[in-house]
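Work through the following exercises with the sequence and the model side by side. Try each task before you read its solution.

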Amino acid sequence: MADRGGYRGSGGDAKGRPWNNRGHRGGGGYGEVHAGGRHGSSGSGYAGHGRGGFSGSRGYGGGDGGGRGGGGYSSYSNNAPGDDGAGGGSGGGRSSTSLNFLAPPAAAQLPAATRRAVDAYVARFAPLVQLELDEERRLVEQRLCHWPLGRLRSEGLALTGLRAARRGSYLGKAVVRLTAAEGGELPFHKFTSGTLVTLCRQHPLEERCVEALVLDRGRGEVRLVADRVPGDVLEGFWRLDRGANITSYQRMAQALQALYKQPDAMPGPAGVAGGAGGGSYDEEDEDEEDGVGGAEGGYGATEEAGPSGNGYGGHGYGQGYGHGYGGAGGRGGRGGGYRGRGGRGGGRGHKRRRRQHEDEEDDGLPPGTHLLDVLLAPTPAAAAAAAALPAPLVPAAALEWAAANDMDPQDPREEVQGMGLNRSQVRALALALRHRVTLLQGPPGTGKTTTIVQFIRFLKQELRYPHPILAAAQSNVAVDNLLEGLVGAGVAAVRTGQPVKVREALRDATLDARILAHPARPAIEEQQAALRELQRRLPSLRGRDRGLGHRDAARAAAAVRQARADMMADILQGADVICSTCVGAGGDALQDLSFGLVVLDEGSQCCEPESLIPLVKASRHAVLVGDHCQLPPVCQSEEAGRAGLSLSLFERLMRAGVPACMLQVGCGGRGRYRR
């Protein structure tokens, strides 16, 4: 989080490094993507111009020098520099959260022409996603200014009179547990996993707050992940206010970054079973209250590998990818865990150096997509031609069936024996089987959900489609409707996401419910209990015993993580279809899974970066369902909407002439069809 206003220009610094959003220093906007920006007019040399077009009507000035203060958002449309933004100069500006659109190491492997196309695409959408997040934060601030506390509480946007305590760490950040002062259940609230929140004493706009993310919630507690914890966290009472849901925007940014990657050849697990389990919080990650691990952050994963010395006390032990324990004389990775108390040789054992392909595999991003030629096509005709190519991975029998049923129905309302669909819907199904990307337009009452369910059932049960399918939608209600239909049709479906957001009758099909019922869970709980006992004893150990204890704890924690990941992978890989919201598809549970086919419902209601979240799960074949004549994407930022964020990917591809079919029920005319 930035403490001083303004963004550092994303276009490159004086050394030509591209898309670096990490600094949050004042200065230029989003500059040129890969060739490096121009020097700023003051000493830091950050890009203030970039390649021009969408210039900075919202420049965020301030910070401590750098670039031509406030230099706005630049796009990739031409060579002229963008105008200076309205912020500017030194001082001032407002604190904001800058998303990361940095190209991953895998970008170096792209052909030059593809790299330029991805650069231009990211340069177009990155500032719009950032504008949306900034506008949501502005609306939150406005609400805090004008709404009385009673209204905030009654609408579930604030909790007061809370007790707080530090409870371990999560990926190198502190975990804070909040409970009601008198104990018992918390009042009604809307603090869900991933929500950005502020923690303060009285009023978030009148004092220095702690910004944090909601990790999870229970009936009597809310757990937060924060960069820092106040020293007096155990004293007095606290107030929690809901902020912007930054998780949605972070996953859009990650989806844009994933366009730089080339996914694996075949769908399925993208590596070890599971980083699937790596993102969840566990009690074995907790630090003891005496400060062992301290601000360095416990067992969390870090951005760089830590030292991996084979000594104990002074050298420390580097576990995995920088999770572990750096010696006092070494450099403990970024955020890297417990530091030993003696010796000088922290980095002198051997340092784990990642090779380039390891960097690419462990960048924390989704696998990418095989549909870049459709998404990045230079002309509408090129997009339509790429989308109309034969769908990959579809069995030959399915293609034969599709060719036989891809025809104008004489009566679209006629029911097809044994399929539960009318002729209009069967034709849509045939079209979806034939082409790489298909659009199914369905006005109200035309059976869009039924068509999707029968499409997936037909693929899995009749045609024996062997690859995993991801069925996503923009809203939880739509995902639940898909799940209900799939379960009713006998399809093995698993629903990811928070069970509290899932319809009660469907909760047995959630990932959480499957985990509770999995036969491996009791053994994992025993491992966790043994690890907690080992951690409890660590503060009492000294000398060599302490080093050995840290080593054993690291190994035990890694074993628990792997066992949990294997369990989750077993559940997910055993399903015919995974159901998720678009944003949920970018979560930890699906991090290392690839899907040959992605079906996206409510596609016309998603802004394009949101649609990318499920598509970058290594999709080769996509079916987008919606109706752009109904609800368009909702943009909070009018500026972002005018600049193109209000145009859905569904509508853009419809205009381009991508293969599409309109579903019809109860009408006698022929369905409109475009190839």
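**Exercise 1.** Which strands close into a barrel, and in what order?

*Solution.* Before starting, note that this is a predicted model, in which local features need pLDDT of at least 70 and side-chain atom pairs count only at pLDDT 80 or more, while totals for chains, interfaces and linings use all residues. Residues are numbered from 1 along each chain as its sequence is written, and side-chain values use heavy atoms, with hydrogens and water left out.

Step one is to find the elements, where helices (H or I, at least four residues) and strands (E, at least two) are DSSP runs numbered from the N terminus. Step two is to follow the pairing, which requires that DSSP finds at least two bridges between two strands. The barrel is closed by 6 strands in the order β1-β2-β5-β4-β3-β6, and their pairing is antiparallel. From one strand to the next, the twist averages 45 degrees, where angles run from 0 to 180 degrees between N-to-C directions and axes are lines fitted to C-alpha atoms, for helices over the stretch in contact.

Step three is to look at one pair in detail: strand β4 (residues 210-217) and strand β5 (residues 221-226) run antiparallel and are joined by 5 bridges, and R217 has V222 in β5 as its bridge partner. Helix α1 (residues 112-146) packs on the sheet and touches β3 (196-200), β4 and β6 (238-242), contact being heavy atoms within 4.5 Å.

**Exercise 2.** Is strand β15 mostly covered or mostly open, and which strands pair with β15?

*Solution.* Use the cut-offs first: buried means under 20% relative accessible area, exposed over 50%, and partly exposed in between (1.4 Å probe, protein chains only). Strand β15 (residues 597-601) is mostly covered, since 5 of its 5 residues are buried. On one side these are L597, V599 and D601, and on the other V598 and L600, so that both faces are covered.

Next, take the neighbours in turn. Strand β12 (residues 469-473) pairs with β15 in the parallel sense over 5 bridges, and I469 stands opposite L597. Strand β16 (residues 621-626) also pairs with β15 in the parallel sense, over 4 bridges, and in β16 the bridge partner of L597 is H621.

**Exercise 3.** At what angle do helices α12 and α13 pack, and how are they therefore arranged?

*Solution.* Helix α12 (residues 521-537) and helix α13 (residues 543-573) pack at about 160 degrees, with their axes 10 Å apart. Angles under 35 degrees count as roughly parallel, over 145 as roughly antiparallel, 65 to 115 as roughly perpendicular and the rest as oblique, and α12 and α13 are therefore roughly antiparallel to each other. Among the residues that meet are I524 and L531 in α12 and A553 and V560 in α13.

**Exercise 4.** How are helices α3 and α14 placed relative to each other?

*Solution.* Helix α3 (residues 246-258) and helix α14 (residues 608-615) pack at an angle of about 70 degrees, and their axes are 8 Å apart. That angle makes α3 roughly perpendicular to α14. The residues in contact include M252 in α3 and L612 in α14.

**Exercise 5.** How many residues of helix α16 are buried?

*Solution.* Helix α16 (residues 649-656) has 7 of its 8 residues buried, among them F650, E651 and R652. Just after this helix, G657 takes a positive phi of about 95 degrees.
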